[in-house]
Amino acid sequence: MMPLVMRALLVAVTITLAGCSGPLELANIQVGRSLNQDRSVASITTLFKPNETIYVAVQTKAAGKGTISVKWKYGTRVVAEPSKPVDYNGPSSTEFHLHNSAGFPPGDYSVDVFIDGKPVGSRAFKVDRYFE
């Protein structure tokens, strides 16, 4: 009888552990003008007009749970620091966006990406009023 109970316990522990998600791991950072339905960037670019919305997709490799955050910067000045708690069952994209209804000033910008408070990457981009 004891071996049967031990087997049942082993199966229960295995199923429980298989359902747990581990820490998130970065796969890619995309910056662009629009999103696909899966929250990945549809139109990747690093050059924007002042009136455009700027999107970043933080893509993670596998199932995981944690907090993804970004720090949008104009030069060295921080302009926004949003974060999102996430719990994914597989590879996924987390979307953030930045919009200025008055238009962004031309210049150099960047977005720093963090997973659970740890820096994992950055992307630089530019806003140019003469870009057509």
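Accessible areas here come from the Shrake-Rupley method with a 1.4 Å probe, and for residues only the protein chains shown count as cover. On that basis, the protein chain exposes about 8000 Å², with 56% of this surface on carbon and sulfur atoms. This is a predicted model: local features need pLDDT of at least 70, side-chain atom pairs count only at pLDDT 80 or more, and totals for chains, interfaces and linings use all residues. Residues are numbered from 1 along each chain as its sequence is written, and side-chain values use heavy atoms, with hydrogens and water left out.

**Fold**
- Contact means heavy atoms within 4.5 Å. Of the contacts with a separation of 6 or more, 59% join residues 24 or more positions apart.

**Core**
- Of 132 residues, 35% are buried (under 20% relative accessible area; exposed is over 50%, partly exposed in between; 1.4 Å probe, protein chains only).
- A nonpolar core is a set of buried Ala, Val, Leu, Ile, Met, Phe, Trp, Tyr and Cys residues joined through side-chain atoms within 4.5 Å.
- The largest one holds 21 residues, and Ile-54, Val-56, Val-70, Trp-72 and Phe-125 have the most contacts inside it.
- Strand 8 gives the largest share of this core, four residues.
- Beyond neighbours within four places in sequence, Val-56 touches residues including Ile-29, Val-41, Val-70, Trp-72, Phe-96 and Val-111.

**After strand 9**
- Tyr-130 lies in the segment after strand 9.
- Tyr-130 counts as exposed because its relative accessibility is 66%.
- Its C-alpha atom is 9.2 Å from that of Pro-106, 24 residues away along the chain.

Notes
Helices (H or I, at least four residues) and strands (E, at least two) are DSSP runs, numbered from the N terminus.
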